[in-house]
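Here is a walk through one model, taking helix packing, ligand shells and a handful of individual residues in turn. Have the coordinates open as you read.

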Amino acid sequence: MIKIIADNKIPFLEGVLEPYAQVNYLPGAQTDASAIRDADALITRTRTRCNAATLDNSQVKIIATATIGFDHIDTLYCQNNHIEWTNAPGCNSGSVKQYIAATLATLISKHNMEIENKTIGIIGAGNVGRKVAKLAKAVGMKVLLNDPPRAQKEGSAGFVELEELIAESDIITFHVPLQHEGKNKTFHLGNKTFFSRCKRHVVIVNSSRGEVIDNEALLSALELGNIGNVVLDVWENEPGINRSLLQKTLIATPHIAGYSADGKANGTAMSVQAISQYFGFPLNQWYPQNIPSPQKSQITINAKGLTFQEIWTKAVLHTYSIAEDDARLRKSPDSFELLRGSYPLRREFEAYTLRIKNGTTQIIQKLSDMGFTHIEVI
Ligand SMILES: NC(=O)c1ccc[n+]([C@@H]2O[C@H](COP(=O)([O-])OP(=O)(O)OC[C@H]3O[C@@H](n4cnc5c(N)ncnc54)[C@H](O)[C@@H]3O)[C@@H](O)[C@H]2O)c1
Ligand SMILES: O=C(O)[C@H](O)[C@H](O)COP(=O)(O)O
C-alpha cells in the first residue's frame, strides 16, 4: 500500500486518502529523515524542510505542499533525484487580500490614516498582488505595480521600476516569493538602501516571507524615522521573532495572512488532487464539503449618510478583525506557532451576504470589485 506522511495541521484532510493509502499524520517540524524513510509521498506545509537532509535515502516520489510558497523545498534536489513536487498556486490569495483589506480598514479606523487617493506600491503582482491591486483601486487608491518577471514576459506596460515605486508610494506591500539567488532575488529586497529611499511617512506591509525584508534594517529605519509605520505578518527567523521590532510594529500577526478556512481548503484540495493524479486515486475533483459557516454570515449596512469608506471598512472588519490577531501575538509572542496551529475560523468575503440599504449602483459595484460576491440591495 502507498505510504503518505501528512502534516497534522493540514485541515480537512483526515480520512480522505485513507481508502487508497496508509496515511501517517505528523507535526511539520518533526517530519525528518527517519520519519519519512519509507514514505512514497509527503503532503506538507512550510514547516517541513524538504532537502537532501530529509530526503536522502528515502523513497519519496512526490511532495505536495498545501501552500503557494515553496521555499522550504529544494527544487533542484528534487529535479536531480526525480522527485515530483507541487504547490497550491492561488490557494490563499483571497485570504491575503482580506488581510490587506483589514489592514487598510484598521489604518483608517484605528490609526486615523487617510488612504483615499494615496498610492499603494505592490511588489509582486501574482495571485495575491493582482487581487490586492483590484481591491486598492476599488477603495480609491492609486496603484503602482512592480513585477520584473511579469514585465519581462508581458511587456512593461502597467508596471513600474522598483525605484519609482519606492519613491512614490505611501504604502508598500510585498507579495513576492522568497528567492535567495538570481536576477529576481528577493532575499532582503527590503534593506537599508530601500528604506532610505522611501517617503518618510510610508507604511511598509510584509505578508510574503520574513526574509524578503532585512528585519534589522527595518527596525533601524523605524527608529531613525526614515519610515512611518510597519505591518508584519511574516518575520525573519520565525517563530523566534525580533521582540524590539514587534513592539514597534503598528500591526503584528503570526504568519496567518493566508489562514482563512477557504484558503486552507483550497490548499488541501490541490494537494489531494495532485497526489491522486500521481497515484491514480479517484479523487481528481475532490474538495472539502465541511467548511464551517461564519457565525454571522449576514452584514446589514444602511448606506444613508455614510461615505463609501465607512461602508467598506464596516463590511471588511465584520468579516475579519485583524486587531484580534494582533492582540493575541502581542500578548504571547512565545506562542507564535501555537497561535498558528490553533487559528480560529476565518471565512473570506464570498462566505458573507452584504445587505445594503439605500446603496447606489456605484457603491454596489465597488463592493463587488472588492470581492463581495453576495450583495442584496434592500
Ligand atoms: N503570509 C501568508 O500567509 C502568505 C500567504 C500566501 C502567500 N504568501 C507569500 O506571498 C508570496 C506571493 O504569493 P502569490 O500567491 O501572489 O504568489 P505568486 O507566485 O502567484 O506571485 C508572485 C509574483 O511575484 C513576482 N516576482 C517574483 N520575483 C519578483 C521580484 N524580484 N520582484 C517583484 N516581483 C517578483 C512573480 O513574477 C509573481 O507574479 C508567496 O510566494 C508566499 O511566499 C504568504
Ligand atoms: O506560502 C503560503 O501559502 C503561506 O505562507 C501559508 O500561509 C503558509 O502556511 P503554513 O505552511 O503555515 O500552512
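Let's begin with a helix pair: α5 and α15 pass each other in a left-handed crossing. This is a predicted model, so treat everything below as a reading of a prediction. The contact draws on Lys 134, Leu 135 and Ala 138 from α5, and on Lys 366, Asp 369 and Met 370 from α15. Sorted by class, that contact has 3 nonpolar and 3 charged residues, with no polar ones. As for geometry, the axes of α5 and α15 come within 8 Å and cross at roughly 160 degrees. That angle is why α5 counts as roughly antiparallel to α15.

Now for a second pair. Helix α4, residues 93-109, packs on helix α12, residues 308-319, at an angle of about 125 degrees, and their axes are 9 Å apart. So α4 is oblique to α12. The crossing of α4 and α12 is left-handed. On the α4 side you'll find Gln 98, Ala 101, Ala 102, Ala 105, Ile 108 and Ser 109; α12 answers with Gln 309, Thr 313, Val 316, Leu 317 and Thr 319. What classes do the residues of the contact of α4 with α12 divide into? There are 6 nonpolar and 5 polar residues, and no charged ones.

While we're on α12, take a look at Lys 314, which has its place in that helix. Lys 314 is partly exposed, because 15 other C-beta atoms lie within 10 Å. Lys 314 and Ile 299 are 15 residues apart in sequence, and their C-alpha atoms are 9.0 Å apart in space.

On to the ligands. Ligand 1 has 33 residues around it, of which Gly 69, Gly 124, Gly 126, Val 128 and Gly 258 come nearest. Which helices each supply at least two residues of the shell around ligand 1? They are α4, α5 (127-138) and α6 (148-154).

Ligand 2 has its own set of surroundings: Arg 45, Thr 46, Arg 47, Thr 67, Ile 68, Gly 69, Asn 92, Gly 258, Tyr 259 and Arg 340. In that shell, 2 residues are nonpolar, 5 are polar and 3 are charged. Gly 69 and Gly 258 turn up around ligand 2, and both are also among the residues that come nearest to ligand 1.

Arg 340 leads us to a proline. Leaving aside neighbours within four places in sequence, Pro 254 is in contact with Leu 329, Phe 336, Leu 339 and Arg 340. Pro 254 itself is found in the loop between β11 (251-252) and α11 (261-279). Is Pro 254 buried or exposed? Pro 254 is buried, because 27 other C-beta atoms lie within 10 Å. Pro 239 is 15 residues from Pro 254 in sequence, and the two are 8.2 Å apart in space, C-alpha to C-alpha.

Pro 239 deserves a look of its own. The peptide bond from Glu 238 to Pro 239 is cis, with omega near 5 degrees. You'll find Pro 239 in the loop between β10 (229-232) and α10 (243-248).

Ile 36 sits in helix α1, residues 33-36. It counts as buried because it has 26 C-beta neighbours inside 10 Å. Not counting residues up to four places away in sequence, Ile 36 touches Ile 5, Thr 31, Leu 42, Thr 54, Ser 58 and Val 60. The C-alpha atoms of Ile 36 and Asn 57 are separated by 9.6 Å, though these residues are 21 apart along the chain.

Finally, some backbone angles. Asn 117 has a positive phi in a residue other than glycine, and His 188 has a positive phi although it is not a glycine.

| Residue | Phi | Loop |
|---|---|---|
| His 188 | about 55 degrees | between β8 (171-174) and α8 (192-196) |

Asn 117 counts as exposed because it has 9 C-beta neighbours inside 10 Å. His 188 has 17 C-beta neighbours inside 10 Å, so it counts as partly exposed.

Note on methods
Residues are numbered from 1 along each chain as its sequence is written. Chains are lettered from A and ligands numbered from 1 in the order in which they are written. This is a predicted model: local features need pLDDT of at least 70, side-chain atom pairs count only at pLDDT 80 or more; totals for chains, interfaces and linings use all residues. Axes are lines fitted to C-alpha atoms, for helices over the stretch in contact, and angles run from 0 to 180 degrees between N-to-C directions. Helices (H or I, at least four residues) and strands (E, at least two) are DSSP runs, numbered from the N terminus. Angles under 35 degrees count as roughly parallel, over 145 as roughly antiparallel, 65 to 115 as roughly perpendicular and the rest as oblique. A crossing is left-handed if the near helix is turned anticlockwise from the far one by less than a right angle, and right-handed if clockwise. Two residues are in contact if their C-beta atoms, placed from the backbone, lie within 7 Å. Ala, Val, Leu, Ile, Met, Phe, Trp, Tyr, Cys and Pro count as nonpolar, Asp, Glu, Lys and Arg as charged, and the others, Gly among them, as polar. A residue is near a molecule or strand if its C-beta atom, placed from the backbone, lies within 6 Å of it. A residue is buried if 20 or more other C-beta atoms lie within 10 Å of its own, exposed if 12 or fewer, and partly exposed in between; C-beta atoms are placed from the backbone.
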